[in-house]
Amino acid sequence: QVHLMQSGGGVVRPGDSLRLSCLASGDTNRIYAVAWFRQAPGKEREFVASKRWLGESTYYSDSVQGRFTILRNADTNGIWLQMDSLKPEDTAVYYCATGANFVNWDNWGQGTQVTVSS
(Lines give C-alpha, C1' and ligand atoms only; values in the text may rest on other atoms or scores of the structure.)
Protein backbone atom coordinates (compact mmCIF):
# COMPACT_ATOMS: atom_id res chain seq x y z
CA GLN A 1 0.00 0.00 0.00
CA VAL A 2 1.17 3.50 -0.86
CA HIS A 3 0.29 6.41 1.40
CA LEU A 4 0.23 9.97 0.06
CA MET A 5 0.37 13.05 2.26
CA GLN A 6 -0.19 16.44 0.65
CA SER A 7 0.88 19.90 1.77
CA GLY A 8 0.84 23.39 0.33
CA GLY A 9 -2.03 25.25 -1.24
CA GLY A 10 -3.67 28.45 -0.11
CA VAL A 11 -4.99 31.73 -1.46
CA VAL A 12 -2.97 33.61 -4.08
CA ARG A 13 -3.52 36.38 -6.60
CA PRO A 14 -3.68 35.95 -10.38
CA GLY A 15 -0.18 35.71 -11.81
CA ASP A 16 1.31 34.34 -8.60
CA SER A 17 3.13 31.04 -8.20
CA LEU A 18 2.50 28.19 -5.79
CA ARG A 19 4.05 24.78 -5.20
CA LEU A 20 2.08 21.79 -4.00
CA SER A 21 3.84 18.87 -2.35
CA CYS A 22 2.90 15.22 -2.00
CA LEU A 23 5.01 12.80 0.01
CA ALA A 24 4.77 9.11 -0.88
CA SER A 25 5.46 6.43 1.70
CA GLY A 26 4.90 2.71 2.09
CA ASP A 27 5.34 0.33 -0.84
CA THR A 28 6.71 2.91 -3.27
CA ASN A 29 8.29 0.14 -5.36
CA ARG A 30 4.80 -0.45 -6.77
CA ILE A 31 4.53 3.05 -8.20
CA TYR A 32 4.84 3.35 -11.97
CA ALA A 33 3.25 6.74 -12.51
CA VAL A 34 2.33 9.81 -10.51
CA ALA A 35 -0.18 12.50 -11.31
CA TRP A 36 -2.02 15.58 -10.14
CA PHE A 37 -5.75 16.04 -10.61
CA ARG A 38 -8.06 18.86 -9.56
CA GLN A 39 -11.73 19.36 -8.90
CA ALA A 40 -13.40 22.74 -9.06
CA PRO A 41 -16.76 23.41 -7.35
CA GLY A 42 -19.58 21.83 -9.32
CA LYS A 43 -17.23 20.18 -11.80
CA GLU A 44 -15.83 16.72 -12.42
CA ARG A 45 -12.33 15.85 -11.27
CA GLU A 46 -9.92 16.54 -14.13
CA PHE A 47 -6.41 15.52 -15.04
CA VAL A 48 -3.68 18.14 -14.60
CA ALA A 49 -0.28 16.50 -15.04
CA SER A 50 1.51 13.16 -14.81
CA LYS A 51 4.92 11.58 -15.11
CA ARG A 52 6.62 8.25 -14.76
CA TRP A 53 7.90 7.58 -11.25
CA LEU A 54 11.23 6.60 -12.78
CA GLY A 55 11.86 8.68 -15.85
CA GLU A 56 11.56 12.17 -17.21
CA SER A 57 8.49 11.97 -19.49
CA THR A 58 5.78 14.39 -18.42
CA TYR A 59 2.23 15.02 -19.61
CA TYR A 60 0.00 18.03 -19.08
CA SER A 61 -3.54 19.08 -19.79
CA ASP A 62 -3.90 21.81 -22.36
CA SER A 63 -5.17 24.22 -19.72
CA VAL A 64 -1.93 24.10 -17.69
CA GLN A 65 0.67 23.31 -20.37
CA GLY A 66 3.51 25.82 -20.12
CA ARG A 67 2.45 27.09 -16.69
CA PHE A 68 2.60 24.02 -14.42
CA THR A 69 5.49 21.60 -13.89
CA ILE A 70 5.31 18.17 -12.27
CA LEU A 71 8.49 17.17 -10.47
CA ARG A 72 9.70 14.29 -8.40
CA ASN A 73 12.31 14.41 -5.64
CA ALA A 74 13.92 10.97 -5.71
CA ASP A 75 15.69 11.53 -2.37
CA THR A 76 12.49 12.11 -0.42
CA ASN A 77 9.85 10.40 -2.59
CA GLY A 78 8.23 13.80 -2.90
CA ILE A 79 6.03 14.77 -5.82
CA TRP A 80 5.64 18.46 -6.53
CA LEU A 81 3.38 20.52 -8.70
CA GLN A 82 4.95 23.88 -9.46
CA MET A 83 2.21 26.26 -10.57
CA ASP A 84 3.14 29.55 -12.23
CA SER A 85 1.06 32.31 -13.78
CA LEU A 86 -1.96 31.17 -11.83
CA LYS A 87 -5.41 32.12 -13.07
CA PRO A 88 -8.77 32.29 -11.29
CA GLU A 89 -9.88 29.24 -13.26
CA ASP A 90 -7.12 27.24 -11.56
CA THR A 91 -9.11 27.46 -8.34
CA ALA A 92 -9.84 23.90 -7.21
CA VAL A 93 -9.02 21.16 -4.77
CA TYR A 94 -5.85 19.49 -6.02
CA TYR A 95 -5.10 15.80 -5.51
CA CYS A 96 -1.93 13.81 -6.06
CA ALA A 97 -2.23 10.19 -7.15
CA THR A 98 -0.09 7.19 -7.94
CA GLY A 99 -0.72 4.14 -10.03
CA ALA A 100 0.75 0.99 -11.53
CA ASN A 101 0.06 2.49 -14.96
CA PHE A 102 -1.24 5.72 -16.48
CA VAL A 103 -4.87 4.58 -16.47
CA ASN A 104 -5.70 3.26 -13.00
CA TRP A 105 -4.87 5.67 -10.19
CA ASP A 106 -5.25 3.60 -7.06
CA ASN A 107 -3.71 5.77 -4.34
CA TRP A 108 -4.82 9.33 -3.63
CA GLY A 109 -3.74 12.17 -1.40
CA GLN A 110 -6.20 13.92 0.87
CA GLY A 111 -6.54 16.98 -1.36
CA THR A 112 -5.51 20.58 -0.86
CA GLN A 113 -7.37 23.77 -1.71
CA VAL A 114 -5.91 26.31 -4.13
CA THR A 115 -7.78 29.58 -4.53
CA VAL A 116 -6.73 32.19 -7.08
CA SER A 117 -8.50 35.47 -6.51
CA SER A 118 -7.81 39.18 -6.71
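Modeller: Met5 is found in strand S1, residues 2-7. A strand here is a DSSP run of E with at least two residues, a helix is a run of H or I with at least four, and both are numbered from the N terminus. This is a predicted model, in which local features need pLDDT of at least 70, side-chain atom pairs count only at pLDDT 80 or more, and totals for chains, interfaces and linings use all residues. Residues are numbered from 1 along each chain as its sequence is written, and side-chain values use heavy atoms, with hydrogens and water left out.

Is Met5 buried, exposed or in between? Met5 counts as partly exposed, because its relative accessibility is 44%. The cut-offs are simple: buried is under 20% relative accessible area, exposed is over 50%, and partly exposed is in between, with a 1.4 Å probe and protein chains only. Now look at what Met5 touches. Leave out residues up to four places away in sequence, and the list is Ser21, Cys22, Leu23 and Gln110. A contact means heavy atoms within 4.5 Å. Take Leu23 from that list. Met5 and Leu23 are 18 residues apart along the chain, yet their C-alpha atoms are separated by 5.2 Å.

Leu23 leads on to S8. Leu23 stands opposite Gly78 in S8. Strand S3 covers residues 18-26 and is joined to S8 by six bridges, running antiparallel. Two strands pair when DSSP finds at least two bridges between them.

S8 has another partner. Strand S7 (residues 68-73) pairs with S8 (residues 78-83), again over six bridges and in the antiparallel sense. Why is S8 called largely enclosed by the rest of the structure? Because five of its six residues are buried.

Now follow the turn into S8. The hairpin of S7 and S8 has four residues between the strands. Asn77 lies in that loop. Asn77 is not a glycine, but its phi is positive, about 60°.

Next, follow the chain out of S8. Ser85 lies in the loop between S8 and S9. Ser85 also has a positive phi, about 50°, without being a glycine. Ser85 counts as partly exposed because its relative accessible area is 41%. Leu86 lies in the S8 to S9 loop too. Its relative accessibility is 2%, so Leu86 counts as buried. What does Leu86 touch, leaving aside neighbours within four places in sequence? The answer runs from Val12, Pro14, Gly15, Asp16, Ser17 and Leu18 to Arg67, Phe68 and Val116. Ala33 gives a sense of distance: Leu86 and Ala33 are 53 residues apart in sequence and 25 Å apart in space, C-alpha to C-alpha.

One more loop is worth a stop. Asn104 lies between strand S9 (92-99) and strand S10 (105-108). With 47% relative accessibility, Asn104 counts as partly exposed. Beyond its neighbours within four places in sequence, Asn104 is in contact with Thr98 and Gly99. Ser61 is 43 residues from Asn104 along the chain, and their C-alpha atoms are 17 Å apart.

Now step back to the whole chain. It has zero helices and 11 strands. Of its 118 residues, 42% are buried. Take contacts between residues at least 6 apart in sequence: 55% of them join residues at least 24 apart.

Then there is overall size. The C-alpha trace spans about 40 × 25 × 25 Å along its principal axes. The chain has a radius of gyration of 13 Å, which agrees with the value near 13 Å for a compact globule of 118 residues. That radius is taken over C-alpha atoms, and the globule rule is 2.2 Å times the number of residues to the power 0.38.

Last comes the surface. The chain exposes about 6,200 Å², with carbon and sulfur atoms supplying 47% of it. Such areas come from the Shrake-Rupley method with a 1.4 Å probe, and for residues only the protein chains shown count as cover.
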